[in-house]
Amino acid sequence: GKPLPVAAGEPVVGSPVIVVAQGYFGSGPMLSTGVVSGLRQRGRAEAIQFSAPIAPGATGGALLDDEGSLVGIIDYQLRDGQNVNFAAPARWINEIEARVAAQKQLAEAKQEAARLWREKNFDDLERHSLDWTKRMPDCPEAWHWLGIAQGMRERPLEAEQSLLRALKIDPENIQIRIGAARLMMFQNQAAPARELLKAGLALQQESASLWQQLGETEYVLGNLDAAKLAFETVVRIDPWAEQATRRLA
């Protein structure tokens, strides 16, 4: 068949979109509709957030505008929420070779960091991550790994600063935000940790992980009603959340 026409420019927030992708467990093509919820910056990459439902296996499917032009390639689904889905901009098709090279460099750096972590070689992990941040200063993973290494070397303030640097680049990264909040709590800064978590929830209201950590933080601050509300929210989002259920009990 003929290739799909690629839409000119980025979609407008609120504009209708159509998903054409694989359905559940090889059940064949699926079609769903929704709207563009936002244009996000996730680390060094842009992402189109959309509300049209997708199923496991939809990655690589097409996100179309109402004229049938390709606006995005479906990337992934946020597991902490419903219909919080993302697609890579279709214009990346013309940048594939350059992006593949950059992704290879990134993958090699991540693999080396993971190897040093497994070996508990935190001195070399810090050196590797520091060099990584110099080569790729806008890479949130580099700053995240640097923060992890600094934390393992018992320098929590430096670790917190590195994680906050990573979070500035990728504000929707739940793992980094929770890590920074925990470091703040370790340094008896529960109130700033609470504000950091609330800022994350303003971006991702259906994140069970963020609500769980907020509940723990409110509990430490002695705000039992607020902690109870946070744990109840976790259970609403994820009825199988064992830790939140224990806290409520």
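**Helix packing**

Author: The crossing of H4 and H5 is left-handed. This is a predicted model, in which local features need pLDDT of at least 70, side-chain atom pairs count only at pLDDT 80 or more, and totals for chains, interfaces and linings use all residues. Residues are numbered from 1 along each chain as its sequence is written, and side-chain values use heavy atoms, with hydrogens and water left out.

Reader: What makes a crossing left-handed?

Author: The near helix must be turned anticlockwise from the far one by less than a right angle; clockwise would be right-handed. The crossing of H3 and H4 is also left-handed.

Reader: Why is H3 called roughly antiparallel to H4?

Author: H3 (residues 140–152) and H4 (residues 156–169) pack at about 165°, their axes 8 Å apart. That angle makes H3 roughly antiparallel to H4.

Reader: Which residues of H4 and H5 meet?

Author: Contact means heavy atoms within 4.5 Å. Among the residues that meet are Leu163 and Leu167 in H4, and Ala180 and Leu183 in H5. The residues of this contact divide into 11 nonpolar, one polar and two charged. Ala, Val, Leu, Ile, Met, Phe, Trp, Tyr, Cys and Pro count as nonpolar, Asp, Glu, Lys and Arg as charged, and the others, Gly among them, as polar.

Definitions and conventions: Axes are lines fitted to C-alpha atoms, for helices over the stretch in contact, and angles run from 0 to 180 degrees between N-to-C directions. Helices (H or I, at least four residues) and strands (E, at least two) are DSSP runs, numbered from the N terminus. Angles under 35 degrees count as roughly parallel, over 145 as roughly antiparallel, 65 to 115 as roughly perpendicular and the rest as oblique.
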